[in-house]
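Work through the exercises below with the sequence and the 3D view open. Each task is followed by a solution in steps.

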Amino acid sequence: MGKISLKPTNDFCPQTLFLYGTYDEQGNPDFGLFCWFSYLWDGELGAMCSIGGNKLTRSNIERNKVFSANLVTEELLTVADYLGCVSGDNPDKMKIGLDIGKGEVLNVPIINNSPVNFELEVTDFIEKHDGLTMLCKIRNVLQDEALASDESVESKLSRIAPVKTTAMTYFSHEGKVLGKWGEPMKKL
Ligand SMILES: Cc1cc2nc3c(=O)[nH]c(=O)nc-3n(C[C@H](O)[C@H](O)[C@H](O)COP(=O)(O)O)c2cc1C
């Protein structure tokens with residue numbers, strides 16, 4: 001196969017999407033959309049996340065050291081896209097009627113209708129220029145109890161339908177285009 005060299009890009013490397021939930025200084029919940037999320041090993045499974053630039057999610061995590069990561073499904077895409085395109089500096093951002101709950105172990109807000117919620121505690125903040133990478137302990141995983149059934153993994157995954165993204169485009173679990181970043185939120 002012939003190859004071309006490119007500047008740093010992750011196009012054609014699909015990523016899973018998560019809504020990070022934090023509390024602001026007044027104790028109000030804020031959610032932002034994130035894809036630079038992966039896993040690490042440190043005697044047990046952990047998580048690693050990168051945030052670029054300044055945003056409310058970042059300052060909330062730097063202050064509280066805890067946050068939730070809520071899996072984005074096709075059902076959640078319209079609001080997830082909105083939460084990724086509207087800054088937490090907008091005082092009306094969270095006035096969209098989200099179904100918000102609380103973590104079981106950590107003081108973090110969660111999205112009740114996401115089938116997987118990680119409760120994360122940051123152990124290491126790594127600051128690089130205008131980016132921040134965080135290594136996290138997974139203090140709890142809240143999972144939809146229906147995912148514990150005897151159904152096959154294939155059918156459970158196609159039922160919850162996690163959204164993937166690459167090249168600033170959203171894809172369904174089956175691989176169909178669901179819109180460019182900024183498009184699904186127009187349905188709100
Ligand atoms: C599809 C998508 C993925 C995103 N992934 C990230 C990410 O991994 N890291 C990041 O710093 N910002 C990411 N963003 C941008 C944040 O979601 C955006 O800055 C948001 O407004 C943050 O919300 P907040 O201001 O309430 O913290 C992403 C945005 C979109 C639309």
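**Exercise 1. Determine which residues of H2 are buried, and what they pack against.**

Step 1. In H2, the buried residues are Leu-77, Val-79, Ala-80, Asp-81, Tyr-82, Leu-83 and Gly-84. A residue is buried if 20 or more other C-beta atoms lie within 10 Å of its own, exposed if 12 or fewer, and partly exposed in between, with C-beta atoms placed from the backbone. Helices (H or I, at least four residues) and strands (E, at least two) are DSSP runs, numbered from the N terminus.

Step 2. The model is predicted: local features need pLDDT of at least 70 and side-chain atom pairs count only at pLDDT 80 or more, while totals for chains, interfaces and linings use all residues. Residues are numbered from 1 along each chain as its sequence is written.

Step 3. Because 7 of the 9 residues of H2 are buried, this helix is largely enclosed by the rest of the structure.

Step 4. The buried residues of H2 pack against S2, S3, strand S12 (169–171) and strand S13 (177–180). Two residues are in contact if their C-beta atoms, placed from the backbone, lie within 7 Å.

**Exercise 2. Give the strand order of the open sheet and find its edges.**

Step 1. The sheet has 7 strands in the order S3-S2-S6-S9-S10-S5-S4, and the pairing is antiparallel. Two strands pair if DSSP finds at least two bridges between them.

Step 2. S3 and strand S4 (37–41) are the edges; each has a single partner strand, so one side of each is left without a neighbour in the sheet.

Step 3. On average, neighbouring strands of this sheet are turned by 35° against each other, direction ignored. Axes are lines fitted to C-alpha atoms, for helices over the stretch in contact, and angles run from 0 to 180 degrees between N-to-C directions.

**Exercise 3. Describe the pairing of S2 and the helices that pack on the sheet.**

Step 1. Strand S2 (residues 18–23) pairs with S3 in the antiparallel sense over 6 bridges. Gly-21 has Phe-31 in S3 as its bridge partner.

Step 2. H1 packs on the sheet and touches S2, S3, S5, strand S6 (66–71), strand S9 (116–128) and strand S10 (131–143). The direction of H1 makes about 55° with that of S2. H2 also packs on the sheet, touching S2 and S3, and its direction makes about 95° with that of S3.

Step 3. S2 and S3 form a hairpin with 5 residues between them, and Gly-27 in the turn has a positive phi of about 85°.

Step 4. S2 also pairs with S6, in the antiparallel sense over 4 bridges. Here Phe-18 stands opposite Leu-71 in S6. S2 is mostly covered, with 5 of its 6 residues buried.
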